[in-house]
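Visitor: I would like to learn how to read a model such as this one, feature by feature. Could you take me through it slowly?

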Amino acid sequence: MAQQQQISLPAKLINGGIAGMVGVTCVFPIDLAKTRLQNQRSGQQLYKNMMDCLIKTVKSEGYFGMYRGAAVNLTLVTPEKAIKLAANDFFRQQLSKDGRLTVFKEMLAGCCAGMCQVIITTPMEMLKIQLQDAGRLAAQQRGVPSVISALKMGGTSAVLSRSYNTSPAPQIMRVSATQITRELLRTKGVKGLYRGLGATLMRDIPFSVVYFPLFAHLHHLGRHSPEDPAVPFYWSFMSGCLAGCIAAVTVSPFDVVKTRLQSLKKGANEETYNGVVDCFRKILRKEGPGAFLKGAICRALVIAPLFGIAQVVYVVGVGEYLLGCTP
């Protein structure tokens with residue numbers, strides 16, 4: 001334990017950064033599907049499920065359409081994951097006595113780690129959501145003229161109404177993260193990038209409180225014996241996947257609220273929200289409790305391998321190897 005506590009903070013930051021970049025590259029299309037599923041309202045559903053969303057995205061936007069927003073995510077996920085994992089280790093060490101932690105202190109360490117990461121997470125998610133949701137909004141707009149024509153004609157057939165729709169289909173706006181950032185800073189200042197901060201805290205703090213203690217206990221079960229603390233890398237991966245999956249589904253309602261609040265552009269007839277409480281109330285009243293689990297499966301499929309990969313890189317100690325400080 002003494003040796004482990006001497007591992008440098010830079011090594012932990014490198015581990016978190018590498019893990020975040022590898023994980024995001026692997027699962028980003030699923031994350032895009034999650035965002036679009038969470039943002040669509042009842043009665044205006046463009047996508048039936050995750051696979052339907054990905055297929056339609058490829059057809060309308062091409063293969064790289066699934067990676068809209070990936071650049072900003074890859075740029076900011078390095079400090080985000082590095083802060084999250086390194087902060088958890090730091091607080092665990094500060095709270096431990098003789099190398100032992102109670103479950104409460106493990107949860108407290110996770111809570112502190114979750115609070116630290118939102119400095120990066122909130123603006124990262126804010127920019128990523130705008131880019132990810134652009135295709136859904138464009139697809140929804142393509143269907144609006146047909147609906148308007150049908151209403152004006154007194155409910156005639158869909159085929160007949162389409163013949164009167166001669167307006168060109170809206171194109172997907174190619175907006176960059178830099179443009180969005182400049183516009184937010186110009187109109188709303190720095191606080192514009194931190195829209196939805198409260199909802200992000202409500203998601204990330206409970207996630208870390210659940211994830212880190214659960215992973216630590218699952219990981220501990222993989223030890224060969226009390227005298228041999230080594231754990232196989234595949235056990236680290238499985239522990240990270242399972243703990244991540246459980247934590248992701250647990251906080252899914254908060255993730256839905258965060259996504260809705262951080263979406264700057266709304267589709268036709270889509271509700272606007274004035275804060276976390278207002279968002280909760282309107283979703284519950286108009287869409288029912290099931291709306292809070294929209295994209296939950298997608299989020300679990302994103303978080304599970306993401307944190308599985310992260311823990312393998314972290315436990316194996318790639319950063320320690322690169323810095324030449326392997327115990």
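Visitor: How many helices and how many strands does the secondary structure of the protein come to?

Guide: Helices (H or I, at least four residues) and strands (E, at least two) are DSSP runs, numbered from the N terminus. Here the protein has 13 helices and 0 strands, and along the sequence the pattern reads α-α-α-α-α-α-α-α-α-α-α-α-α. Residues are numbered from 1 along each chain as its sequence is written. This is a predicted model, in which local features need pLDDT of at least 70, side-chain atom pairs count only at pLDDT 80 or more, and totals for chains, interfaces and linings use all residues, while side-chain values use heavy atoms, with hydrogens and water left out.

Visitor: What is the mean pLDDT of the protein, and where does pLDDT stay under 50?

Guide: pLDDT is the predictor's confidence in each residue, from 0 to 100. The mean for the protein is 81, and 86% of its residues reach 70 or more. The value stays under 50 over residues 1–5, for which the model has 5 contacts (heavy atoms within 4.5 Å) beyond four places in sequence, and also over residues 144–170, for which the model has 17 such contacts.

Visitor: What share of the residues counts as buried, and what share of the contacts joins residues at least 24 apart?

Guide: Buried means under 20% relative accessible area, exposed over 50%, and partly exposed in between (1.4 Å probe, protein chains only). Of the 327 residues of the protein, 48% count as buried. Among contacts between residues at least 6 apart in sequence, 79% join residues at least 24 apart.

Visitor: How many salt bridges does the structure hold, and which residues are linked in a network of them?

Guide: A salt bridge is a side-chain nitrogen of Lys or Arg within 4 Å of a carboxyl oxygen of Asp or Glu, and the structure holds 18 of them. One network of salt bridges links Asp31, Lys34, Glu125, Lys128, Arg203, Asp204, Asp255 and Lys258. In another case, the side chains of Glu61 and Arg36 meet at 2.8 Å, N to O. That pair links distant parts of the chain, with Glu61 in helix 3 (residues 50–61) and Arg36 in helix 2, 25 residues apart. Glu61 is buried at 10% relative accessible area, and Arg36 is buried at 0%.

Visitor: How many cavities of 30 Å³ or more are counted, and which residues lie nearest the centre of the largest cavity?

Guide: Rolling a probe the size of a water molecule over the atoms shows where empty space is left. On a 1 Å grid over the protein atoms alone, a cavity is a set of points where a 1.4 Å probe fits but cannot get out, and lining residues have an atom within 4 Å of a point. Grid points are joined across faces, edges and corners, and a volume is the space filled by probe spheres set on the points. The count comes to 1 cavity of 30 Å³ or more, and the largest cavity has a volume of about 270 Å³. Its lining has 22 residues, of which Lys81, Glu125, Arg299, Ile303 and Leu306 lie nearest the centre.

Methods. On a 1 Å grid over the protein atoms alone, a cavity is a set of points where a 1.4 Å probe fits but cannot get out, and a pocket is an open set with protein on both sides within 12 Å along at least five of seven lines; lining residues have an atom within 4 Å of a point.
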